[in-house]
Amino acid sequence: MTAATTRQPSLQPSLDSIDLGALLDQFRVATEGLERTQHALRSEVARLQDELRESKRQLSRARELAALGEMAAGIAHEVRNPLGSIKLFAAALRDDLAGMPDEQRLADRIAEGVQRLDAVVGDVLRFARDQRLMIEPIDSCDLVERALADCDAAIRAVEANVTFSCEPVRFEGDSGMLRQALVNLLRNACDALEDRAAEMSRDIAIDIAETSLVDADGASVQAMAFRVRDSGPGIPEEVVTRVFNPFYSTRSSGTGLGLAITHRIVDAHGGRLSISNVSVGGAEARIVIPKAPRATDGAICQQEEAAV
């Protein structure tokens with residue numbers, strides 16, 4: 001006799017019992033999620049690569065400005081000495097011409113010319129000097145308010161309407177240098193509004209925001225962004241790439257060193273300075289600096305000692 005075999009029931013469910021529709025839906029959702037994640041990662045990598053390229057470009061420009069500053073400093077020192085002599089001789093000449101008003105006016109013109117040249121030399125030396133940072137806690141709103149106070153006369157002269165709203169943020173930096181950088185940007189904004197017709201808007205808007213910054217090493221750091229926007233005519237395209245060049249200016253007065261000095265101050269803080277046109281009209285200057293700067297090429301950071 002043949003022994004009867006008993007068939008054991010299968011413990012695994014049959015394929016027909018699986019909800020294929022639900023499985024496919026889950027697979028589709030997972031695939032779409034992976035695609036979105038991949039797209040986001042690619043976008044973030046591209047953004048970081050762009051910021052890193054911009055950081056390296058600005059670092060290269062900073063080194064070029066520093067080298068130019070060293071050469072300019074030598075020339076400025078050589079010019080300042082004879083200027084002092086000319087100023088003394090002009091004063092002596094004026095005294096010798098007592099009773100001769102026409103001739104005295106000529107001597108006065110010599111003294112005025114010397115004064116203008118001395119101002120240029122002073123700007124060159126400020127541009128050329130090593131950036132020795134005195135790091136201290138700074139209140140963002142207080143910094144801008146002090147810069148606005150320094151520019152009060154220029155703002156009144158062009159009858160500019162200034163808007164500034166801010167929530168105080170604490171960060172670290174050299175308050176004196178950063179104040180000077182903002183003053184330079186505000187004065188440029190006032191210059192842009194100077195030739196505006198009476199019926200045209202004369203607005204200056206100042207914004208402050210917390211942001212992030214990719215440094216030259218590719219690391220992302222917390223940062224502060226200061227933006228100064230004006231309603232002027234904007235910057236011609238052929239000028240945008242030259243605005244940071246020392247001694248370059250589109251105005252008949254001035255040394256053309258304001259933005260170059262601002263650039264060096266921002267570079268010393270390890271930050272970024274950009275100038276661009278606004279689609280609705282006018283120009284925008286933007287400073288982005290780390291909340292806690294560190295020394296860069298040509299800069300020395302010193303922690304301010306607490307008062308005893």
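A search of the whole structure, which is a predicted model, turns up 1 cavity of 30 Å³ or more. On a 1 Å grid over the protein atoms alone, a cavity is a set of points where a 1.4 Å probe fits but cannot get out, and its lining residues have an atom within 4 Å of a point. Grid points are joined across faces, edges and corners, and the volume is the space filled by probe spheres set on the points. The largest cavity comes out at about 30 Å³. Its lining is made up of L143, L178, L182, F226 and I287. Sorted by class, that gives 5 nonpolar residues, with no polar and no charged ones; here Ala, Val, Leu, Ile, Met, Phe, Trp, Tyr, Cys and Pro count as nonpolar, Asp, Glu, Lys and Arg as charged, and the others, Gly among them, as polar.

A word on ground rules: residues are numbered from 1 along each chain as its sequence is written, and side-chain values use heavy atoms, with hydrogens and water left out. As this is a predicted model, local features need pLDDT of at least 70 and side-chain atom pairs count only at pLDDT 80 or more, while totals for chains, interfaces and linings use all residues.

Helices (H or I, at least four residues) and strands (E, at least two) are DSSP runs, numbered from the N terminus. Leaving aside residues up to four places away in sequence, F171 touches E136, P137, I138, S140, L143, L178, M224, F226, I289 and K291, a contact being heavy atoms within 4.5 Å.

Strand β7 (residues 283–290) is largely enclosed by the rest of the structure, because 7 of its 8 residues are buried. Buried means under 20% relative accessible area, exposed over 50%, and partly exposed in between (1.4 Å probe, protein chains only). Two strands pair if DSSP finds at least two bridges between them. Strand β5 (residues 220–230) runs antiparallel to β7 and is joined to it by 7 bridges, with V228 standing opposite A285. Strand β6 (residues 272–277) is also antiparallel to β7, through 6 bridges, and here L273 stands opposite I287. β6 and β7 form a hairpin with 5 residues between them, and G281 in the turn has a positive phi of about 115 degrees.

N277 sits in β6 and is partly exposed, at 29% relative accessible area. Beyond four places away in sequence, N277 touches G234, I235, E237, V240, G282 and A283. The C-alpha atoms of N277 and G232 are 9.9 Å apart, although 45 residues separate them along the chain.

Helix α7 (residues 258–268) is mostly covered, with 10 of its 11 residues buried; H263, R264 and D267 are among them. G270, which follows α7, has a positive phi near 75 degrees. E159 also has a positive phi, near 55 degrees, in a residue other than glycine. E159 lies in the loop between α4 (152–158) and β2 (161–164) and is exposed, with a relative accessible area of 65%.

Overall, the protein chain has 7 helices and 8 strands, and buried residues make up 35% of its 308 residues.

Notes:
On a 1 Å grid over the protein atoms alone, a cavity is a set of points where a 1.4 Å probe fits but cannot get out, and a pocket is an open set with protein on both sides within 12 Å along at least five of seven lines; lining residues have an atom within 4 Å of a point.
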